[in-house]
Every structure is written in structure tokens, then in C-alpha cells.
Number of protein chains: 2
Amino acid sequence: MSDRGKLQQELKKKTPFTSLEQEVVLNLMRTADKVQIRFTRLFRDHDLTPSQYNILRILRGEGKPLPCMEIASRTITEVPGITGLIDRLEQKDLVARQRDGQDRREVHVTITPAGLAKLETLDQPLEELHRQVVGHLSPDELTQLNRLLEKARATLG
Amino acid sequence: MSDRGKLQQELKKKTPFTSLEQEVVLNLMRTADKVQIRFTRLFRDHDLTPSQYNILRILRGEGKPLPCMEIASRTITEVPGITGLIDRLEQKDLVARQRDGQDRREVHVTITPAGLAKLETLDQPLEELHRQVVGHLSPDELTQLNRLLEKARATLG
DNA sequence: TGTTATTGATTGATATGTAAAATAAATGGC
DNA sequence: GCCATTTATTTTACATATCAATCAATAACA
């Protein structure tokens, strides 16, 4: 069965794709969705959501407290959403808030030792999951896929 | 600048990717996210959400009333989420509920003339957006991208 | 200096996705 | 026909995303 046929069957659509462009977009969204489901499951097993993990990872990578604006700028999450995310991470003692800077409007967020420990328990499973998800593609295919995704994204932002 | 460098800069990460697999996954999620944002905006301009549009499109494609279970099976949305979606579409008179079948547990959902009209106003803008989003890739690249995305998704469920 | 504009963060409203449990109707075995 | 099970849907609870509005602190500037 052709590639086109496969996706068509998967979506249970009766009509053929009207364009190659439409097929690519659907394919992209559907694949990303399935990948995300796998990662979401892993995070949930560790009592985290993808957004929460992402913030912890950013804080660890930076190694110092970051204001909410800066966190928002590095995630999909809009600034108002950061507030609630930090609230829930703070309740779990994975991050802490500080108003220490000269600019007292800024709330600096720090990852706690417990937050760092939580991340460490996820490092290996995550690396393993990355391999599980796209490991069946050859290095050439992965490189090619990267190139095409980059090119697709180039005009988008 | 290399592809790896570009994404790295974009995410403001300080450390290089630990693997090609990780890079592909991040690339995939990020690209899908940006594409989705564009479509979400278009739908919002027409007072719809992506999920709402998706349900209308499915109903139009089928051409006859469908039970909630069937709608859920053709979307990302889990069954419980369908209820609220149909609620809001019904409030806008874009769909209607019927309990006409032999199995009176089933709620059949029909698209209304207003719903069909709403979809028609979206057909052209959507086709145009598909081209805008990935139209700068050559047909060869689109075909290649489709193949790689299909292959990536093959092991995912 | 004092008024205004901007910025960082929060809150509130609406929509969605997910999981668990509840409700109601249909089905199968006896 | 009765009862346990299954099925279709809804309800409830929680996390998130988006947008608008608000509040406090700072910056800009006449």
C-alpha cells in the first residue's frame, strides 16, 4: 500500500488528499502527537507533566535562578501559564520562588535539590525513550529528517 | 551555521545534543507546534478551535449523523472530551444531537446547514495556509518528508 | 519632580486533554 | 424474565493553553 493510502486509511477519510502539502501537514501533526503521548506517559510515571519537566530542565541547564519572563521565552508556555506551573512545582518542593533582585517585580525561580534529584531519575529513561521512538531510522534518515524539519520550520517564526 | 547549531540557538540550550535521536524529536515537536499555532489562529479568526473544526470536518466527510464514540475514534480527543466539544458546537448551532437510533444510549451528532456553511468559508483559507506552511519545500522534499514521518510513526502505535 | 508609559507577574474566564468514576441502556447467560 | 456484564455517554477533577484585565514596580520624560 502506498504511503498516501496508509495515512488515508489511518484517518478513515473517504476522500484522497487534495495536495501533497496537506498530506505533509497531517503527517507532521499526527507523528508529533504520537511521540508526545509517549513522553507524556513517561513524565506522568514520575509525577510530572511535560511542561513541568521542561521548566525543571531549563533551570538545571541554566544553573541559576531565572525570572518567569525568561522561563516563558524558552518554552511554548505563555507568561500567565508560568504562574500556575511554578505554583505546582513549588508545592512539590521542586522549585522555589525568590524576590531578591534589584527589580522587585521579578520573581526568580530556582530548582531545589529535590528538583535536581527528580531530573536525574529521568535522564536515563528519557535517553532510552528517544531511541525507542526514532531509533529505527538510520543515521542518514535522521539527518535528512532534521534537515527537512528545519527547512519546514524556517518560514514559521 | 549548521542545522544543529540553529536549533540549539533557538532553544537557548548551552549543551550540545547528546544524540541525533534527541535532536530529531525536539525538531519534530517544535515544528509541529509552530504549524499548529498557524492553524489555530486561522480557526480562531472563524470562531472555532482546532478540535471543533476537526469534528465538523469529520461530520461533513461522513455525510450522516455519527455517535460520539465514532467521533472520538477519529480524533485525538478522548471520549469524555467529546461531550463538552459537542456542547459548545451545539450552542453555536453548528451541530445537533439526536437520539434516534435503535440503541438509545447512542447520541447521534449531525452537522447543521450553518455548520456546513462555516466549513465552506474555511476551505479556501485552509488550502492556502497549507501551501504557506510547507509550500517552500519542493515536491521531492515533501514526498521525502512524508516517507520519513510515516516511517517514524510506524512503530508508535 | 510628577505624570505617564512600560514591564513583570498574577488572576480570571474559557477551552481542551486526561483519568477515574458514575449513570443509563443494552446484551448474554441462566 | 432476572441479573451480571458490557457499552455509550456523561460527570468530575486536575493540568494546561490562551486571552484580557489588573496590580505593582520601574523607566521615561516633559
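1. Basis of the model. This is a predicted model, in which local features need pLDDT of at least 70, side-chain atom pairs count only at pLDDT 80 or more, and totals for chains, interfaces and linings use all residues. Residues are numbered from 1 along each chain as its sequence is written, chains are lettered from A and ligands numbered from 1 in the order in which they are written, and side-chain values use heavy atoms, with hydrogens and water left out.

2. The interface as a whole. Contact, meaning heavy atoms within 4.5 Å, joins 56 residues of chain A to 56 residues of chain B. The size of an interface is often given as the accessible area lost when the parts come together. Between chain A and chain B the buried area (accessible area, 1.4 Å probe, that two parts lose on being put together, summed over both) is about 5800 Å², and carbon and sulfur atoms give 63% of it. On the chain A side, the residues that lose the most area to chain B are A:Glu150, A:Arg153 and A:Leu156, which together give 12% of what that side buries.

3. Helix H7 of chain A against helix H2 of chain B. Helices (H or I, at least four residues) and strands (E, at least two) are DSSP runs numbered from the N terminus; axes are lines fitted to C-alpha atoms, for helices over the stretch in contact, with angles from 0 to 180 degrees between N-to-C directions. The axes of H7(A), residues 139-154, and H2(B), residues 20-45, come within 9 Å and cross at roughly 25°. H7(A) is therefore roughly parallel to H2(B), a term that covers angles under 35 degrees. Their crossing is left-handed, that is, the near helix is turned anticlockwise from the far one by less than a right angle. Among the contacting residues are A:Leu142, A:Leu145 and A:Leu149 of H7(A) and B:Leu20, B:Val24 and B:Leu28 of H2(B). By class, this contact has eight nonpolar, four polar and six charged residues, where Ala, Val, Leu, Ile, Met, Phe, Trp, Tyr, Cys and Pro count as nonpolar, Asp, Glu, Lys and Arg as charged, and the others, Gly among them, as polar.

4. Helix H2 of chain A against helix H7 of chain B. The axes of H2(A), residues 20-45, and H7(B), residues 139-154, come within 9 Å and cross at roughly 25°, so the two helices are roughly parallel to each other. The crossing of H2(A) and H7(B) is left-handed. Their contact includes A:Glu23, A:Arg30 and A:Lys34 of H2(A) and B:Glu150 and B:Arg153 of H7(B), and its residues divide into eight nonpolar, four polar and six charged.

5. The sheet of chain A. Three strands form an open antiparallel sheet in the order S1-S3-S2, pairing being assigned if DSSP finds at least two bridges between two strands. S1 (66-67) and S2 (95-98) are the edge strands of chain A, each pairing on one side only. S2(A) pairs with S3(A), residues 108-111, over four bridges, and A:Val95 stands opposite A:Ile111. Helix H5(A), residues 79-91, lies across S2 and S3 of chain A at about 120° to S2(A).

6. The sheet of chain B. Here too an open antiparallel sheet has the order S1-S3-S2, with S1 (66-67) and S2 (95-98) of chain B at the edges. S1(B) and S3(B), residues 108-111, pair over two bridges in the antiparallel sense, and B:Leu66 has B:Val109 as its bridge partner. Helix H3(B), residues 50-62, packs on this sheet, touching S1, S2 and S3 of chain B, and its direction makes about 90° with that of S3(B).

Note on methods
Angles under 35 degrees count as roughly parallel, over 145 as roughly antiparallel, 65 to 115 as roughly perpendicular and the rest as oblique.
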